[in-house]
Amino acid sequence: MTHPFPFPVLDLRELDGGEDAAARFRAALLRATHEVGFFYLVGTGVNPDLEARLLTAARAFFALPDKDKLEIENVKSPHFRGYTRIGGERTEGKVDWREQIDIWSEDEALSPTQLEGLPPYFRMLGPNLWPSALPELKGVILEWQAAVVPAAHKLLRAWAEALGAPADYFDKHFTRPSTRMKVVRYPGLPPDVDNLGVGAHKDGGCLTLLWVEPGAKGLQIRPGEEWIDALPLEHGFVCNIGEMVERATAGYLKATVHRVIAPTAPNERISVPMFFNPSLDARFPKLELPEELKEEGAYEQDPNDVIHEVYGDNLLKSRLRAHPDVAAIHHPDLVKSGMY
Ligand SMILES: O=C(O)CCC(=O)C(=O)O
Ligand SMILES: [Fe+2]
């Protein structure tokens with residue numbers, strides 16, 4: 001029998017509820033990310049009013065005429081920001097059935113002179129694209145980022161301690177975190193089309209905090225042999241770790257494969273993943289695990305998908321593969337180099 005909410009629920013407020021509560025939280029966090037790689041997070045401080053405003057703004061954006069959405073189309077951004085139309089993104093070489101806006105931290109682009117001699121991943125720094133037809137979108141998104149990022153920092157500190165390291169073990173790699181979020185709409189599939197909303201994948205970075213509109217099914221995870229359905233928990237996030245944390249812990253914490261089944265028309269689904277990741281030039285540290293956690297050691301890197309040590313290299317590789325059109329227009333030299 002399947003359970004609609006298959007992961008443990010963790011309440012972030014426990015970390016501030018005295019040493020016993022904090023220790024309980026850390027133990028539950030460790031167990032969840034060791035065994036399943038996913039958990040629900042409540043008590044983040046993101047309030048229901050902000051959730052409702054985000055959902056309204058997201059629906060309003062996707063309901064805009066194409067010309068207004070295409071004003072910020074991602075092919076206009078060398079920095080992989082902006083709107084991607086349905087079919088414009090790929091997972092495992094297959095197009096995904098979703099449209100989305102990519103919003104990263106708000107950065108200034110480096111000039112060609114500044115970029116000279118720097119690793120190519122610095123090209124990804126740059127401004128976001130905002131739609132002039134929906135000026136209120138920017139405020140809601142920046143408010144969302146400001147509300148979610150502190151929860152992500154707290155989780156990282158809890159993991160460090162749970163893994164026997166000092167609480168600030170990861171902090172120096174997150175001085176300029178690469179916060180990437182997406183506002184995604186999975187339109188209903190016509191009955192004659194067979195496609196996934198997004199194909200099976202592991203998240204590439206450290207930590208994902210995913211918000212899904214209440215009641216919308218579609219997310220499936222595969223911690224073992226079988227796909228498991230996971231509904232969103234109201235006023236909670238679905239959290240999971242990515243390949244960099246899996247690698248840093250020699251596989252003790254699991255980056256679990258997941259995908260989204262597209263809804264059938266007239267249903268649709270809005271989701272807002274936030275990928276919380278280290279500074280671009282961070283060389284994510286391997287953690288020396290305490291003896292009692294060392295037993296497994298089953299971690300093997302996929303030889304076809306090498307995880308680079310420097311986060312920016314990973315991110316650049318994944319962006320170039322996910323958006324071949326942006327790559328061809330803005331980064332033909334990188335495509336030609338064969339390094340990604
Ligand atoms: O939309 C979702 O629920 C999940 C999306 C996802 O896994 C991703 O974009 O990495
Ligand atoms: Fe994902």
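The strands and helices named here are DSSP runs, numbered from the N terminus, with at least two residues (E) for a strand and at least four (H or I) for a helix. The model is predicted, so that local features need pLDDT of at least 70 and side-chain atom pairs count only at pLDDT 80 or more, whereas totals for chains, interfaces and linings use all residues. Residues are numbered from 1 along each chain as its sequence is written, chains are lettered from A and ligands numbered from 1 in the order in which they are written, and side-chain values use heavy atoms, with hydrogens and water left out.

The pairing of β10 with β13 belongs to an open sheet of 4 strands, arranged in the order β8-β13-β10-β11 with antiparallel pairing. Because β8 (196–201) and β11 (228–229) each have a single partner strand, they stand at the edges, and one side of each is left without a neighbour in the sheet. Strand β13 (residues 257–261) is joined to β8 by 3 bridges, and Leu196 has Ile261 of β13 as its bridge partner. Strands β10 and β11 are joined by 2 bridges and run antiparallel, forming a hairpin with 5 residues between them, in which Gln220 has Asp229 of β11 as its bridge partner.

The iron ion (ligand 2) is coordinated by His201 (NE2), Asp203 (OD) and His258 (NE2), at 2.1 to 2.2 Å. Since His201 lies in strand β8 and His258 in strand β13, the pair ties together parts that are 57 residues apart in sequence. Donors are taken as N, O and S atoms within 2.8 Å of the metal (3.2 Å for Na, K and Ca), and as water is not among the atoms, sites may look incomplete. The spacing of the donor residues in sequence is H-x1-D-x54-H. His258 counts as buried, at 6% relative accessibility, under a scheme in which buried means under 20% relative accessible area, exposed over 50%, and partly exposed in between (1.4 Å probe, protein chains only).

Strand β7 (residues 178–186) runs antiparallel to β14 and is joined to it by 7 bridges, with Met181 opposite Met274. Strand β9 (residues 207–212) is likewise antiparallel to β14, through 6 bridges, and Thr208 has Phe275 as its bridge partner.

Among the helices, the axes of α1 (residues 19–35) and α5 (residues 136–162) come within 9 Å and cross at roughly 85 degrees, the axes being lines fitted to C-alpha atoms over the stretch in contact, with angles from 0 to 180 degrees between N-to-C directions. The two helices are therefore roughly perpendicular to each other, a class that covers 65 to 115 degrees, whereas angles under 35 degrees count as roughly parallel, over 145 as roughly antiparallel and the rest as oblique.

Technical notes
Two strands pair if DSSP finds at least two bridges between them.
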